[in-house]
Amino acid sequence: MASKAETRTFQKIRDTITSGNSPGVIPKVPIKPFKLSILGAGTGPLTGLCELQIKSGGSATLLPQISDEKIGDDSDGSLDEDDDGEGKDARKPAEKATDMKRDSSLTPKYTGISNWDRPIKQAYGEATTLYEHKLGSSQRHGDPIADVYAFVARPNNAILAIADGWNWGPKSRQAARCAVHGSIEKLQELLFSETPPQNTQDVVTSIRRSFDHAQELIMRHESTTTSLCVAVVCPLAKSKGEWGLCVVSVGNSSCFVWQNRTGVAYEVTFAAVGSTKDALDYGGCLGPSIGDDPDLSNLICCYATVFDDDVIFLTTDGISDNFDPVKLLQGSTEIQNVSPTLPLLTQDQRETGKLLNLSNVLQKARSQRRNDHLSALALNEALAEYVSEMTEAKRTFLERSWHNVNDPDLTTEERAAKEKEIFQLANGYPGKLDHATVVAYQVGVLSERSRYTKAKAFLFSPTVRFGRNERRDDDDDDDDDDQ
């Protein structure tokens, strides 16, 4: 259980976050013009949103294409040297619009970007499955992975998106793909239009509008339901070393910040739970939930100020719930009384315990790095390794136990009773089996030197897991190139 001092630390951070159910609550903090050239882009698992074959109709096929080549005055993708590292895009709106419409007839573009295989250590994502293998098969329960992520990193801004298709199967995965594709596509149009956002409230408004486009795409493809969390990191006009983090989320995918300088991780979207009776009862989704309409009951718009070297990361609940003290058998609630011997936790204690567990895991990962900080890539690896190890005992138990229900002489009732018993016994092991996905971005000014091609081998892998003895030092190789 968190100490009083630790509880005060997390509460103090929470007090700095603005949140509400509409963009109107977000402060109008002036921002600088967004740089256009793309230094990193990625999507997954496998080829992520690029698998979606867009059906005609609506506005999706009519949006302007943003060239991912070097654009305008940013010949090397870096910021102007005489601008003290802060950079300005002085081109007229018409000139920028012309650049946006440049396209290549040779390479297919997805949301206006032709190359999604460009991970960098400051912007990275990965997805895996924590479910057990099917009996006698290399496949896993819950296949295919129904999570989808995407990121686009530019010299002074970034877009991150993550979606978790509800339940299992291709339709759930398609809903997540539609959500991420639709939101990224609309944001590419709105953030780089002839009338771009002027302040942080405008940015949140743009994100919120992108959710409508995501819903449209889901319905057009006759998909099911999904969560969606989208974040935009933007340069503040009057602050050096400080950045605006604008987030909109619906469902149970979350946005967190890891502060390298303090060793603390906190959740930006904590108000999505709010005063609900259960910290895991998130509610809300895109897709045909209420008739043909989405369930926006827990849609949340958030704003926070972040700093150079902070790492913004979005997760599906397969990551975040594996830090929950109830899931880890560290405590119980009145609703989820997993054991009478465990302490009873209030919702605040449960949420604080989750952040403390998360901070401890990342602190440990940071201490193993020679430069004592985590990049987006290193954070991804730390979380993927942790959730895999945390759920290993439960996964192994289930894989061994399914042999007990494979007897062909069992009646339907007997088989159901054995399955129920197995799941009850599995609850005695810590962790939650799920699809687990994270996408992260390390805050700061990026330049061409930030490119990191060593990560390419991992981007389109459906599972990226590193064993206990396979610590990577790749993000230490060129530390002088950061920021």
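Predicted model: local features only at pLDDT ≥ 70, side-chain atom pairs only at ≥ 80, totals over all residues.
1. Residues are numbered from 1 along each chain as its sequence is written, and side-chain values use heavy atoms, with hydrogens and water left out.

2. Leu 362 belongs to the largest nonpolar core, which has 71 residues; Leu 245, Phe 313 and Leu 362 are those with the most contacts inside it. Helix 7 (residues 376–390) gives the largest share of this core, 7 residues. A nonpolar core here is a set of buried Ala, Val, Leu, Ile, Met, Phe, Trp, Tyr and Cys residues joined through side-chain atoms within 4.5 Å. Another core, of 44 residues, lies apart from the largest one, and Ile 38, Ala 179, Cys 234 and Leu 286 are among its members.

3. Next, have a look at helix 1 (residues 4–14), whose buried residues are Phe 10, Ile 13 and Arg 14. They share one side of helix 1 because they cover an arc of only 105 degrees around the axis, the arc being that of the directions from the helix axis to the C-beta atoms. Lys 4, Arg 8 and Lys 12 are exposed on the other side of helix 1. Strand 8 (254–259), strand 9 (264–267) and helix 6 (347–367) are included in what covers the buried residues. Buried means under 20% relative accessible area, exposed over 50%, and partly exposed in between (1.4 Å probe, protein chains only). Helices (H or I, at least four residues) and strands (E, at least two) are DSSP runs, numbered from the N terminus.

4. How many salt bridges does a search of the whole structure find? The search finds 13, a salt bridge being a side-chain nitrogen of Lys or Arg within 4 Å of a carboxyl oxygen of Asp or Glu. One of them joins Glu 189 and Lys 186 (3.0 Å, N to O); both residues lie in helix 3 (residues 170–191), 3 residues apart. Lys 186 counts as buried, at 12% relative accessibility.

5. Helix 4 (residues 200–220) holds Glu 216 and Arg 220, 4 residues apart, or about one helical turn. Their side chains meet in a salt bridge (2.8 Å, N to O). An α-helix has 3.6 residues a turn, so residues three or four places apart point the same way. Glu 216 is partly exposed at 29%, whereas Arg 220 is buried at 16% relative accessibility.

6. Arg 366 and Asp 372 also form a salt bridge, with the closest N and O atoms 3.8 Å apart. Arg 366 is buried, with a relative accessible area of 15%, and Asp 372 is partly exposed at 44%.

7. Finally, a word on confidence: the protein chain averages a pLDDT of 82, and 78% of the residues score at least 70. pLDDT is the predictor's confidence in each residue, from 0 to 100. Over residues 58–107 pLDDT stays under 50, and the model has 105 contacts beyond four places in sequence for them. Residues 452–483 also have pLDDT below 50, with 88 contacts in the model beyond near neighbours in sequence.

Definitions and conventions:
Contact = heavy atoms within 4.5 Å.
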